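Subject: Structure handover and notes

Dear colleague,

I am passing the structure below on to you, together with notes on what was found in it. Please read the notes with the sequence and coordinates open beside them.

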Amino acid sequence: MSVLHLNESEFDAKITSAPLAMVDFWATWCGPCKMLAPVIEDLGGKYDGKAVVAKVDVDQNQGLAARYGVMSIPTVVFFKDGKEIGRKVGVMPAGAYTQVLDANL
C-alpha cells in the first residue's frame, strides 16, 4: 500500500476508517516538502499494515488544508480513530514521526 495520495472526496473515508494515520500536507513547489518526501515514503513502507501514511497536495485540496488549519507546509497531522492527536510543522528527522506512530499503535 505504501503512501496514499488523498483528495477531498476520499480523505474522510480513508482517515476515519484507519485506527492510526499520518497525513503529510505538502505542495509540489515547496522545497522543504521535497526534502521530507523520502522520509514519508520510507515510513509508508515501514508502517504498511499498521498505519495509513498519506499525502495531501494543499494546492489541489485547499478545503482540507483550511479544515485542518494548515498554515505552513510541510505539516504532518496524526490521527487516531479519525481524530487529530498531534502534528509536526516543518521538516523533522524520521524519529519525530515514528515516535508518535509507535506511541499510538
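Cys30 is buried, its relative accessible area being 4%, where buried means under 20% relative accessible area, exposed means over 50% and partly exposed lies in between, computed with a 1.4 Å probe on protein chains only. This is a predicted model, in which local features need pLDDT of at least 70 and side-chain atom pairs count only at pLDDT 80 or more, while totals for chains, interfaces and linings use all residues. Residues are numbered from 1 along each chain as its sequence is written, and side-chain values use heavy atoms, with hydrogens and water left out.

Cys33 also counts as buried, at 2% relative accessibility, and Cys30 and Cys33 form a disulfide with their sulfur atoms 2.4 Å apart, a disulfide being a pair of cysteine sulfur atoms within 2.5 Å. The structure holds one disulfide, and the torsion about the S-S bond of Cys30 and Cys33 is about 80 degrees, so this disulfide is right-handed.

Thr28 is placed in the loop between strand 2 and helix 2 (helices, H or I with at least four residues, and strands, E with at least two, are DSSP runs numbered from the N terminus). Thr28 is partly exposed, at 46% relative accessibility. Leaving aside neighbours within four places in sequence, Thr28 is in contact, meaning heavy atoms within 4.5 Å, with Lys34 and Asp57. The C-alpha atoms of Thr28 and Asp57 are separated by 7.5 Å, although the two are 29 residues apart along the chain.

Asp57 belongs to one of the two covered faces of strand 3, together with Val53 and Lys55, while Val52, Ala54 and Val56 make up the other, and all of these are buried. Strand 3 (residues 52–57) runs parallel to strand 2 (residues 20–26), to which six bridges join it, and also parallel to strand 1 (residues 3–5), with three bridges; two strands pair if DSSP finds at least two bridges between them. Val56 is the bridge partner of Phe25, and Ala54 stands opposite Leu4. Strand 2, helix 2 (residues 31–46) and strand 3 make a right-handed β-α-β unit, right-handed meaning that, with the strands pointing away from the viewer, the path from the first strand over the helix to the second runs clockwise.

Finally, Thr75 lies in strand 4 (residues 75–80) and is buried, with a relative accessible area of 2%. Among the residues in contact with Thr75, beyond those within four places in sequence, are Phe25 and Val89.

Best regards
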